[in-house]
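Thanks for coming. I'll take a few minutes on one structure and its ligand, and then on the pocket.

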Amino acid sequence: MKAQVGQTVLHCVEGDITTQVVDAIVNAANETLLGGGGVDGAIHRAAGPELLAETRTLGGCRTGDAKLTQGYRLPARYVIHAVGPVYRANDPDVPRLLASAYRRSLELAQQHQLASLAFPAISTGVYGYPQAEACEIALRTVVDFLDQPTSLRLIRFVLFGAQAYAVYAQTLQRMAQADSRLSLLTDD
Ligand code: ADP
């Protein structure tokens with residue numbers, strides 16, 4: 001499913017983020033930046049050991065923040081390592097930190113004048129964030145970011161599995177009905 005916000009296309013797909021041919025892919029990292037399971041493990045495996053050698057030099061990353069590295073053996077030129085929060089119900093810091101992880105990734109992409117960026121569903125695996133709530137925050141943060149001029153022409157959400165994809169497709173459809181900045185495009 002595709003939608004347009006200003007000059008930027010939002011694209012939701014089901015797939016594996018490590019194969020995406022974009023300027024940068026976002027990693028759902030942890031504060032150590034030394035690798036882990038889930039999407040983090042898959043990205044480190046696909047990028048090769050040079051990625052860990054670089055992340056070791058970065059001194060970790062706070063929850064809600066992001067850091068950029070090279071992509072090494074990945075098709076993507078860069079990896080933006082974003083640290084989302086561990087989910088806790090009824091803690092207002094949790095949605096704030098998830099939005100911040102997305103915003104900091106977008107800011108880094110903008111600072112490097114990137115045109116295309118792919119996000120996974122940060123915090124929705126081991127970190128336990130309910131998919132629908134996290135999706136709402138991800139899409140809203142991206143759409144709000146696109147209120148300002150940007151180098152980004154494509155922002156892709158790469159969802160692992162049909163269920164995660166369905167959540168994004170439904171949420172994007174609903175948001176497009178309520179938000180005049182967003183218009184749905186016909187998929188090709
Ligand atoms: P977190 O610790 O932030 O929850 P996880 O890696 O455990 O990170 O999960 C984040 C999301 O990434 C989950 O929805 C998971 O299904 C998804 N995921 C796992 N592997 C991949 C992959 N190769 N490409 C895209 N998404 C992935």
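**The ligand and its surroundings**

Let me start with the shell. There are 15 residues around the ligand, and those that come nearest are Asp16, Val39, Ser123, Thr124 and Gly125. Please keep in mind that this is a predicted model.

What is the make-up of that shell by class? Nine of its residues are nonpolar, five are polar and one is charged. If you look for the element that gives the most to the shell, it is helix α1, residues 38–47, with three residues.

Now the polar atoms. On the ligand side, a nitrogen atom is 3.0 Å from a polar backbone atom of Ile17. An oxygen atom of the ligand lies 2.9 Å from a polar backbone atom of Ser123. With Thr124 the side chain is involved: an N or O atom there is 2.7 Å from an oxygen atom of the ligand. As for cover, the ligand taken alone exposes 570 Å², and the protein buries 88% of that.

Where does the ligand sit? It sits in the largest pocket. The volume of the largest pocket is about 600 Å³. It is lined by 28 residues, of which Ala28, Gly38, Val39, Asp40 and Gly125 are the closest to its centre.

Which elements give two or more residues to that lining? They are β3 (24–29), α1 and β7 (154–159). The largest share comes from α1, with four residues. By class, the lining of the largest pocket has 15 nonpolar residues, eleven polar and two charged.

Notes: Residues are numbered from 1 along each chain as its sequence is written. This is a predicted model: local features need pLDDT of at least 70, side-chain atom pairs count only at pLDDT 80 or more; totals for chains, interfaces and linings use all residues. Side-chain values use heavy atoms; hydrogens and water are left out. A residue is near a molecule or strand if one of its heavy atoms lies within 4 Å of it. A polar contact is a pair of N or O atoms within 3.5 Å; within protein, one must be able to donate a hydrogen and the other to accept it, and residues adjacent in sequence count only if both atoms are side-chain atoms. Accessible areas come from the Shrake-Rupley method with a 1.4 Å probe; for residues, only the protein chains shown count as cover. On a 1 Å grid over the protein atoms alone, a cavity is a set of points where a 1.4 Å probe fits but cannot get out, and a pocket is an open set with protein on both sides within 12 Å along at least five of seven lines; lining residues have an atom within 4 Å of a point. A molecule sits in a cavity or pocket if more than half of its atoms lie within 2 Å of its grid points. Ala, Val, Leu, Ile, Met, Phe, Trp, Tyr, Cys and Pro count as nonpolar, Asp, Glu, Lys and Arg as charged, and the others, Gly among them, as polar. Grid points are joined across faces, edges and corners, and a volume is the space filled by probe spheres set on the points.
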